[in-house]
Structure formats: C-alpha cells, structure tokens
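Subject: Handover of a structure for your study

Dear colleague,

Please find below the structure that I am handing over to you. My notes on what was found in it follow directly after it.

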Amino acid sequence: MSDEPTKLADGMTSVSRQRATVLGHVCERKGCIRYAGFGFARPGQEPHWFCFEHRGDGERYL
Ligand SMILES: [Zn+2]
C-alpha cells in the first residue's frame with residue numbers, strides 16, 4: 001500500500017502542459033501547449049500569457 005496521492009487522476013491531459021506549468025506559464029490560445037514567455041496585463045489586472053507564435057493575441061489585453 002502507498003499513501004502517495006494520485007495526482008495524475010486530474011492531470012491526464014498533457015505531459016507537455018504540465019512541464020510548461022512547472023516552467024511558468026502556458027500559452028492561453030486554445031489547444032496550444034507551448035511555454036508562454038510573453039505576458040500581457042493592464043495595471044492591477046491578471047496577466048494573460050502567450051507563446052511566441054501567439055503573442056499577438058495578447059495585445060488585445062493591453
Ligand atoms: Zn501559443
């Protein structure tokens with residue numbers, strides 16, 4: 001028997017996404033799992049994160 005929690009139960013989607021989550025942020029474009037190195041935010045608001053390819057999407061949050 002093991003007391004180790006079954007973390008994989010609710011995280012079966014993508015290893016890549018989990019890796020990127022550890023690194024920091026994942027692109028918010030639907031279906032994109034790339035690491036998001038570009039953050040967009042107005043002062044006092046939650047930032048939105050996008051990868052290099054989709055960083056244009058973030059400009060509408062500025
Ligand atoms: Zn992307």
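Is Gly 24 buried, partly exposed or exposed? Gly 24 counts as partly exposed, because its relative accessible area is 32%; buried means under 20% relative accessible area, exposed means over 50%, and partly exposed lies in between, with a 1.4 Å probe and protein chains only. Gly 24 is located in the loop between H1 and E1. Its C-alpha atom is separated by 8.3 Å from that of Gly 37, and these two glycines are 13 residues apart along the chain.

Before the details, a word on the source. The model is a predicted one, in which local features need pLDDT of at least 70 and side-chain atom pairs count only at pLDDT 80 or more, while totals for chains, interfaces and linings use all residues. Residues are numbered from 1 along each chain as its sequence is written, and side-chain values use heavy atoms, with hydrogens and water left out.

**Overall picture**

The protein chain contains two helices and two strands, arranged along the sequence in the pattern α-β-β-α. Helices (H or I, at least four residues) and strands (E, at least two) are DSSP runs, numbered from the N terminus. Of the 62 residues in the protein chain, 21% are buried. The mean pLDDT of the protein chain is 79, and 63% of the residues score at least 70; pLDDT is the predictor's confidence in each residue, from 0 to 100.

For four tetrahedral donors, the ideal angle at a metal is 109.5 degrees.

**Salt bridges**

A salt bridge is a side-chain nitrogen of Lys or Arg within 4 Å of a carboxyl oxygen of Asp or Glu. By this rule there are two salt bridges. One joins the side chains of Arg 29 and Asp 57, at 2.7 Å from N to O. This pair links distant parts of the chain, 28 residues apart: Arg 29 is in the loop between helix H1 (15–23) and strand E1 (38–40), and Asp 57 is in helix H2 (residues 55–58). Arg 29 counts as partly exposed, at 34% relative accessibility.

Another salt bridge joins the side chains of Arg 34 and Glu 53, at 3.1 Å from N to O. It also links distant parts of the chain, 19 residues apart, with Arg 34 in the loop between H1 and E1 and Glu 53 in the loop between strand E2 (48–50) and H2. Arg 34 is partly exposed, with a relative accessible area of 42%, whereas Glu 53 counts as exposed at 52%.

**Aromatic rings**

How many aromatic pairs does the structure hold? There are three. Phe 50 and Tyr 61 form a stacked pair, with 6.1 Å centre to centre and 20 degrees between the planes. Rings of Phe, Tyr and Trp (its six-membered ring) pair if their centres lie within 6.5 Å; planes under 30 degrees apart count as stacked, over 60 as edge-to-face and the rest as tilted. Phe 50 is buried at 2% relative accessibility, and Tyr 61 is partly exposed at 23%. Ring pairs link Phe 40, Phe 50 and Tyr 61 into a cluster.

Yours sincerely,
A colleague
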